[in-house]
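Subject: Structure for you to look at

Hello,

Here is the structure I said I would pass on. Please open it first, then read the notes below it.

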Amino acid sequence: MDNKKPEVGWDLIIEGTSSLFDLKFRDVWRYRDLLLMFVKRDFVSFYKQTILGPLWFFIQPLFTTIIYTFVFGGLAHISTDGLPQPLFYLAGITAWNYFADCITKTSTVFRDNSNIFGKVYFPRLILPLSIVASNLVRFAVQMLLFLSMIAYYYWSGTVISSGWALLMFPVLVLMMALLGLGLGLIITAMTTKYRDLAFLVTFGVQLLMYATTVIYPLSAAPEKYKHLIELNPMTGIIEAFRYSFLGKGEFSTWSVGYSAIVTIIALFIGIIVFNKTEKTFVDTV
Amino acid sequence: MSQTVINVENLSKLYRLGEIGTGTISRDLERWYKMRIRGQADPFLKIGETNERNKKGDSEIVYSLRDINFEVLQGEALGIIGKNGAGKSTLLKIISRITSPTTGKISINGRVASLLEVGTGFHPELTGRENIYLNGAILGMRKKEITSKLEEIIDFSGVERYVDTPVKRYSSGMYVRLAFAVAAHLESEILIVDEVLAVGDSDFQKKCLGKMQDVSTKEGRTILFVSHSMNLVERLCNKCLLLDNGIIVKNTNDVRGLINEYLFGNDKNSVHEWINQNQRTCGNEYFIPLRMFLCDQNGKKMGNTVSNNEDIYFNIDLQVLNIDPALNIGYSIYNEDSQIVYWSLDTDSEEERWPKIQIGDCSLRSKLPKRLFNEGTYRIGLLAGLHNRAYLFDPNKNSPFIHITIQGNLSDSPLWTEKRYGVVAPVIEWFVPPKI
C-alpha cells in the first residue's frame, strides 16, 4: 500500500518531539467554551450545600482584616502610611489573596486533575486558565467589599485621594493573574516529577506575603532590606494597587515596569515548561 | 477504496520501570549529560529487550509499544485485542493525545473523540443537565452543539426525571447512562472506545452497542475499540489487531480467525487433547488425571472442530489412588468471554446413578448436551473436589484444559443455522396448545 501521503493532507500529526515554542493557542481558543464551563463548575460547587453561599467570599478577607488590625496595627503598631488600618490591610489582603490563590491553585493542577488528564484530551492550559478566571470572579466579589469599605470611610470623613492612577487597575489585575499563573505553571510542571516543591508552595507563599508590602508600607521598611523587598515583583504591584485606590504608597513607573517584565518572563517560561510536561506527565504522576 | 484516516508509522513508547523518587535527579542529570552533551545513546535503555510483564529484565526502561505500523480506513471498526499489558491502552492513549509517543508519528484526518472512561470530569455537585454541558465540553463539543442535542442526549440516557438533580444522588447505573449518552452524541469522525460498555444494565448495553454499530456502518465513522470481550469485538469490528508485548502480531480482516488464534494459540490441534506428560501427581492423594479428550460414542477421539449435531463425549482417564465418598469429578466449560457456561459433575444425578470409580486405572465419560452450544470456541477445564471441603482441581488455578470449537449445524431449521445472539443456542420445542 502506498503510504507516502502528502504531509498537508492531515488534520493532526502526533509526534514524539515537537517544537518548544509550539504553544497551541489555537487549540486553547477552540476549547474556550470548556473554560467557561470550568469556571462555572468551580463557582457553583463552591457554595452548593452551604447556608451562606457566596457570602463566604466576604467572610475570609473581613476576618483576616480584623485580625491584622488587632495584631499588626494594635499590638505591633506597624505604620499604615497614615491610612485607616482596616482599609490599609484590606487593600493588601484583597490583592494578595488573588495572587496567592492563583499561584497555589495552579501549582497543583497536574496532581489534582491527573484523573481527567489521564482519560481525555483537551488543551491542558485550559485548566490553569480556568483557575485564574474563577479566582477572578472571587476577586471581583472581594473588590466589592473593599469598595464599600472605601465608601464607608469616605462618608465618615477620611480623605481618600484616588485619581488617574485608577486607570492602572485592570493592568495590575492582569499582572497579578499572569504572574501567579506563570509561577504556578512552573511549579506544577516540576512537581509532577519531584513532589518536594508541592510542600514548599503552601508555606512559601505565606512567607512571601511577609516579603511583600501587605501588612506594612514600603516606606516603613528598614533601609537595609528595602531593595530586597523591591526585588519581589509583587511589591510593585501591591504598592501601585494601594496608590491607585487610596492615594498612598511608593508608586513608581520603574517598579511597575519591573514587575511587568518579571511577569512576562515567568509566564513565558511557565507556558513552555507546562506544555513540555503535559505531553508525558501521565506516565510519571 | 476509502480514505486513510489514521496512519501510524514506527510508533514506539518507552516507560521507565520502578520508583520515580529519590535519585531521579542524579539519574536525570547523568542521562541528560550523556545524551545531549556527549551525544551518546540513552544509557538506561538496553536495546533488544521485550516488555514481558512476568519476566524480570535487566533494563529499567522497557518498550510498551515498539515499531507499530498500521493504518485505518474511513468507516472501519478496528478491534484491538491482547493480554493485559500488551500495550492496547497505551496505543489508545497516544492516539487520543493523552500521552505522547517516544518516537514515531501518527497522522490523523478528522476529529477524534476518545472514550477511555465514561463520565470523565463529572462533578457530583452539579445537576445532570450541567454535567452534560461540562462533560460535552471536555470531550470537545461547543456549547451550541450541546444545546442543539440536549433533548436527544437526555432522551437516550433515559434519566429525564432526574436531569435537574445533582448527579451525586444518581444510582451508578444512571450516572453511566447519562455519561455514555453524552459521548454517543459526539460528532467526531473517529471514535476511540476502551471497554466502557462493561457497565450499565443489559438493556443499556444493547443500546450502546446498537449505537456504536450505527456509528460505524450507517454514519461511516471510524471506530477503534479495545476490549477483552471477544464476543463484542467479533460483533462490532470488521478488522482486528492483535498486540503482544508491544508488537503487532497480526492485523487482519479475519476477525474470528484472529480471535481464535489469540485465545487458543496457533497450535490448534494439540489442545483438543490433554495428556499428563510426566505423570504429575497434581498434589492430591485421591486421583491423578492421565488424559482428557473428546470422543464419539465408540470412544474414538475427535478433532477439536465439531458440528453441533454430533454426539460428543468428554472423556477423562485417571488413576484413582483413594476413594472418598465426597469426591466429585467433572468439568467446567467456558465460552470466549471466559464466562462459565455450566459445571457438570459425576455426582449431579441421584445417588444410585453415580458412576462407581475403582482404585487403579479408570475412565469417566459424559455426553455433552447436543444443540445447546452456540457457535464458538469453548474451554473445558477439569473440575474436582471434596464436596464442601476443598477443591482438588480449580479451573481458575490449576486445572488442565482442552478446547472445543462448535461450528455449523446449529439447528435443522432452514432459518437458523448460524451463530446467533445469546450465550447458548438451544433448540427448544414450540407447539400450539390444544384448545380446551
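Two strands count as paired if DSSP finds at least two bridges between them. Helices (H or I, at least four residues) and strands (E, at least two) are DSSP runs, numbered from the N terminus. This is a predicted model, in which local features need pLDDT of at least 70 and side-chain atom pairs count only at pLDDT 80 or more, while totals for chains, interfaces and linings use all residues. Residues are numbered from 1 along each chain as its sequence is written, and chains are lettered from A and ligands numbered from 1 in the order in which they are written.

**A sheet with strands from both chains**

An open sheet of 4 strands runs in the order β1(A)-β4(B)-β1(B)-β2(B), and its pairing is antiparallel. β1 of chain A and β2 (61–73) of chain B stand at the edges with a single partner strand each, so one side of each has no neighbour in the sheet. Neighbouring strands are turned against each other by 15 degrees on average, direction ignored; angles run from 0 to 180 degrees between N-to-C directions, and axes are lines fitted to C-alpha atoms, for helices over the stretch in contact.

Between the chains, β1(A) is joined to the antiparallel strand β4 (residues 103–108) of chain B by 4 bridges. Here E15(A) is opposite K105(B). Within chain B, 9 bridges link β1 (residues 4–16) and β2(B) in the antiparallel sense, with T4(B) having L73(B) as its bridge partner.

**Where the chains touch**

How many residues of chain A are in contact with chain B? There are 28, and they meet 36 residues of chain B; contact means that the C-beta atoms, placed from the backbone, lie within 7 Å. On the chain A side, β1 (12–15), α2 (32–47) and α13 (281–284) are the elements that give two or more residues. The largest share, 6 residues, comes from α2(A). By type, this side has 12 nonpolar, 6 polar and 10 charged residues. Nonpolar covers Ala, Val, Leu, Ile, Met, Phe, Trp, Tyr, Cys and Pro, charged covers Asp, Glu, Lys and Arg, and the others, Gly among them, are polar.

**Two helices of chain A**

The axes of α4(A) and helix α7 (residues 126–155) of chain A come within 9 Å and cross at roughly 175 degrees. The two helices are therefore roughly antiparallel (over 145 degrees; under 35 is roughly parallel, 65 to 115 roughly perpendicular and the rest oblique). Their contact has 15 nonpolar, 5 polar and 2 charged residues, including L90(A) of α4(A) and F139(A) of α7(A).

A nonpolar core is a set of buried Ala, Val, Leu, Ile, Met, Phe, Trp, Tyr and Cys residues joined through C-beta atoms within 7 Å. Buried means 20 or more other C-beta atoms within 10 Å of a residue's own, exposed means 12 or fewer, and partly exposed is in between. The largest core has 139 residues, and F99(A), F225(B) and V233(B) have the most contacts inside it. Helix α4 (residues 85–106) of chain A gives the most to this core, 13 residues.

Regards

How values were computed
Contact = placed C-beta atoms within 7 Å.
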